[in-house]
Structure formats: C-alpha cells, structure tokens
Amino acid sequence: MKYLSTRRRHPAAKPLILVLALFLVGAVYALVIPSSQVSAAPGLSQQVQEGKALFQVSCSSCHGLNGEGTSQGPSLVGVGAASVDFQMGTGRMPMARPGQQAPRKDSEFSPEEISAISSYVATLGPGPGIPAASVVDPSKLTDEELARGGDLFKTNCSACHNVSGQGGALPNGKYAPPLTGVQPVHIYEAMRIGPQQMPVFSKNVITDEDATQIIGYLETVQNRNPGGGLSLGNLGPVTEGLWAWVVGIGGLVVIATWIASKGARSK
Ligand code: HEC
Ligand code: HEC
C-alpha cells in the first residue's frame with residue numbers, strides 16, 4: 001500500500017508542493033506583516049489625521065503647520081501627548097493671544113478633539129504620555145498613603161503652590177496657580193511635563209505611586225473645607241491674622257471686662 005501510493009504520485013509533486021508552500025508563506029507574509037506595520041506607523045491612523053487637521057486650523061498660527069514652532073509659539077516636537085492633554089484640557093491652549101502665561105479656563109474643545117490633537121503631536125517625537133486611569137485614581141489610598149502624599153507635596157510643591165495648594169506669586173508677574181478644582185489627570189501631567197517655571201518631576205523623582213498619593217492629598221485638602229462663608233478657605237495670612245486679631249483681642253476685651261466687673265463687685 002505504502003509503496004503503491006508513493007508510486008502513484010507524479011514525479012513533479014514534491015517540487016510543486018514546495019513551490020506552493022513558498023507561495024503560501026509569501027502570501028501570508030504579504031497579508032500579515034505590512035498590515036501590522038500600517039497600524040504601528042505614525043501619521044496613518046484616522047485619529048491622527050483628524051488631529052493634524054484640527055491642529056492646522058487652531059494651533060498652527062503659533063506652533064507652525066507641522067508643530068515646528070514659530071516666533072509666536074514654541075516647537076511641539078517631543079512635548080508628548082501629556083503636554084497637549086494638559087494644555088488643552090486646562091483650557092490654556094489655544095492661547096487667545098500671545099502672552100506671558102496662559103490662564104486656566106474651560107476648554108472649548110471636546111475630549112475627542114483633544115485626544116486627536118494629542119495623538120497627532122505624539123507622532124512628532126517621543127514625549128510623556130497620558131497616564132492610565134488607575135494611576136490617577138486616589139480612591140483606594142489608605143490614610144497613611146494620603147499622609148505620605150501630603151509630605152511629598154510639602155517637600156516638592158508647596159514652595160510654589162502653598163501648603164494647601166492655594167497657589168502663589170512668582171517673580172516677574174508670573175504665578176503658580178491654585179490647585180483646587182484641577183482634574184487628577186492634569187495634576188499628573190503637570191508633574192511629568194513641568195509647564196512654564198514648574199520643574200519636570202520624572203518617574204525617578206516622583207514615581208507613579210507618589211503621584212497618586214499627591215493627587216489623593218490634594219483631593220483631601222480640597223474636601224476638608226466645604227466652602228461657603230464659614231470656612232476661612234486658607235485664604236492666607238491676612239484673613240487668618242485678621243480673624244486671630246478679632247477673636248483674640250475681642251476675647252481679651254471680654255475677659256478684661258469680666259475681671260473688671262468682678263473686681264468692682266468684690267470691692
Ligand atoms: C496665540 C498663539 C498660540 C496658539 C493659537 C496656540 N498656542 Fe500653544 N503655546 C503658545 C505659547 C506662547 C506657548 C508657550 C507658553 C506657555 O507654555 O504657556 C505655548 C505652549 C504650548 C504647549 C506647551 C509646550 C511645551 O513646551 O511644553 C503646548 C503643548 C501647546 N502650546 C499646544 C497648543 C495646541 C494644541 C494649540 C491649538 C489647540 C495651541 N497650542 C495654540 C502659543 C499658542
Ligand atoms: C518652581 C515652582 C513650582 C513648583 C516647585 C511646582 N510647581 Fe506646579 N506650577 C508652577 C507654575 C508656574 C505653574 C503654571 C504653569 C502655567 O501656567 O503654564 C504650575 C502649574 C501646576 C499645575 C496646573 C494647575 C492648573 O491651573 O491647571 C498643577 C496641577 C501643578 N502645577 C502641580 C504641581 C505639583 C503636584 C508639584 C509638586 C510635585 C508642583 N506643581 C511643583 C510652579 C511650580
């Protein structure tokens with residue numbers, strides 16, 4: 001049987017099978033490899049293309065048609081998706097007019113538009129990326145971890161932003177903004193990109209864990225004072241000093257009057 005079956009095969013069968021096999025490998029290669037290269041290649045995804053189009057409408061007047069920068073705005077090559085997400089998410093960009101420091105405001109762009117422009121700018125050169133949601137979620141932190149976040153904040157950030165994150169003035173009319181109401185993702189991104197005079201805090205200095213704890217601390221500080229007229233709101237030394245003065249001196253006056261009236265009675 002075995003002998004017969006081999007004999008029945010055509011003499012050209014073996015080479016033919018080989019050729020067929022090679023052909024198949026070639027076809028599979030042609031199908032699989034280039035397509036995976038396409039999805040990995042920058043500049044070709046639809047999101048990136050949309051981002052580029054939006055960029056050229058809203059940002060290129062200052063940052064150049066290809067993000068190379070102009071006299072009105074810096075080059076965005078290598079600033080990373082995190083920088084765009086931060087600048088647009090906090091409403092700083094697009095800047096209304098060239099100025100010293102773009103203020104925080106509500107963004108006119110949708111999250112989809114921001115992420116499209118972020119993906120486009122990320123293709124210009126490697127830079128810090130947007131963090132995963134779990135990294136910026138402080139909800140599972142223990143009290144000790146929150147306290148550690150407070151220590152980290154006091155060591156690294158309070159010099160400019162004040163111990164409770166209320167912000168402060170910097171030389172030359174610039175300022176470190178208050179950190180109340182800033183989204184966790186933007187707190188993370190600010191540390192990684194260091195906008196304006198703020199230093200960059202790399203993962204070697206502030207690990208992702210540290211970052212989550214700092215975010216947790218800032219949320220705690222923010223929720224501690226429920227706002228409204230009753231809280232002093234950490235408004236600073238003037239108001240707090242004024243209150244200390246009013247309550248303190250007022251209290252002394254009351255006590256003095258009380259002692260005086262007692263003294264008068266005992267005479
Ligand atoms: C009117 C000019 C102007 C326009 C329009 C503008 N920018 Fe900017 N942009 C600036 C200037 C000036 C700076 C540097 C000052 C600063 O960082 O606050 C800057 C900084 C940035 C940075 C930070 C760069 C870095 O080195 O980290 C990013 C990211 C950015 N812009 C993105 C955008 C995007 C995206 C748009 C469009 C949606 C845009 N900008 C529109 C002027 C502009
Ligand atoms: C040397 C001063 C300095 C230090 C230290 C500093 N920052 Fe900043 N920070 C700034 C300045 C200045 C800005 C405003 C940048 C701008 O307007 O583009 C800023 C902006 C921010 C913002 C954006 C707030 C907003 O309005 O959207 C966050 C969040 C932030 N800093 C967090 C931190 C954290 C967390 C630390 C410590 C790990 C820190 N900063 C340390 C100066 C500083």
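A polar side-chain atom of Q101 lies 2.8 Å from an oxygen atom of ligand 2, a polar contact in the sense of a pair of N or O atoms within 3.5 Å; within protein, one must be able to donate a hydrogen and the other to accept it, and residues adjacent in sequence count only if both atoms are side-chain atoms. The model is predicted, with pLDDT of at least 70 needed for local features and 80 or more for side-chain atom pairs, while totals for chains, interfaces and linings use all residues. Residues are numbered from 1 along each chain as its sequence is written, chains are lettered from A and ligands numbered from 1 in the order in which they are written, and side-chain values use heavy atoms, with hydrogens and water left out.

## Surroundings of ligand 2

The side chain of R92 places an N or O atom 2.9 Å from an oxygen atom of ligand 2, and for R104 the corresponding distance to an oxygen atom of the ligand is 2.6 Å. Helix 8 (158–161), strand 2 (175–176) and helix 9 (184–193) are the elements that give two or more residues to the shell around ligand 2; helices (H or I, at least four residues) and strands (E, at least two) are DSSP runs, numbered from the N terminus. Helix 9 gives the most, with three residues.

In total, 25 residues surround ligand 2, and the closest are R104, C157, C160, H161 and M198. A residue is counted here if one of its heavy atoms lies within 4 Å of the ligand. By class, the shell holds 17 nonpolar, six polar and two charged residues. In this scheme Ala, Val, Leu, Ile, Met, Phe, Trp, Tyr, Cys and Pro are nonpolar, Asp, Glu, Lys and Arg are charged, and the others, Gly among them, are polar. Because domain 1 (46–122) and domain 2 (133–224) both give residues to this shell, ligand 2 lies between them; the domain bounds come from an automatic or database domain assignment.

## The iron atom of ligand 2

H161 (NE2) and M198 (SD) coordinate the iron atom of ligand 2 at 2.0 to 2.2 Å. Donors are N, O and S atoms within 2.8 Å of the metal (3.2 Å for Na, K and Ca), and sites may look incomplete because water is not among the atoms. The pair links distant parts of the chain, since H161 is in helix 8 and M198 is in the loop between helix 9 and helix 10, 37 residues apart. Six donors count as octahedral if opposite donors are over 155 degrees apart and all others between 65 and 115.

H161 counts as buried at 10% relative accessibility, whereas M198 is partly exposed, with a relative accessible area of 22%. Buried means under 20% relative accessible area, exposed over 50%, and partly exposed in between (1.4 Å probe, protein chains only).

## Ligand 1 and its iron atom

The iron atom of ligand 1 is coordinated by H63 (NE2) and M93 (SD), at 1.9 to 2.2 Å. Its site is octahedral, with angles of 88 to 179 degrees among six donor atoms. H63 lies in helix 4 (residues 60–63) and M93 in the loop between helix 5 (80–89) and helix 6 (111–122), so the pair ties together parts that are 30 residues apart in sequence. H63 counts as buried, at 10% relative accessibility.

| Residue | Ligand 1 atom | Distance |
|---|---|---|
| H63 | nitrogen | 2.8 Å |
| S83 | oxygen | 3.2 Å |
| Q196 | oxygen | 2.8 Å |

Helix 4 and helix 5 are the elements that give two or more residues to the shell around ligand 1. The largest share, four residues, comes from helix 5. Altogether 19 residues surround ligand 1, and C59, C62, H63, M93 and Q196 are the closest. The shell has twelve nonpolar, seven polar and no charged residues.

## Backbone features

Most residues other than glycine have a negative phi, and most peptide bonds are trans. The peptide bond from M93 to P94 is cis, with omega near 0 degrees, and P94 lies in the loop between helix 5 and helix 6.

Q196, although not a glycine, has a positive phi of about 50 degrees. Q196 is found in the loop between helix 9 and helix 10 (208–224) and counts as partly exposed, at 43% relative accessibility. N162 is likewise not a glycine and has a positive phi of about 75 degrees. N162 is in the loop between helix 8 and strand 1 (168–169) and is partly exposed, with a relative accessible area of 28%.

Methods:
Tetrahedral: all angles 85-135°; square planar, octahedral: opposite > 155°, others 65-115°.
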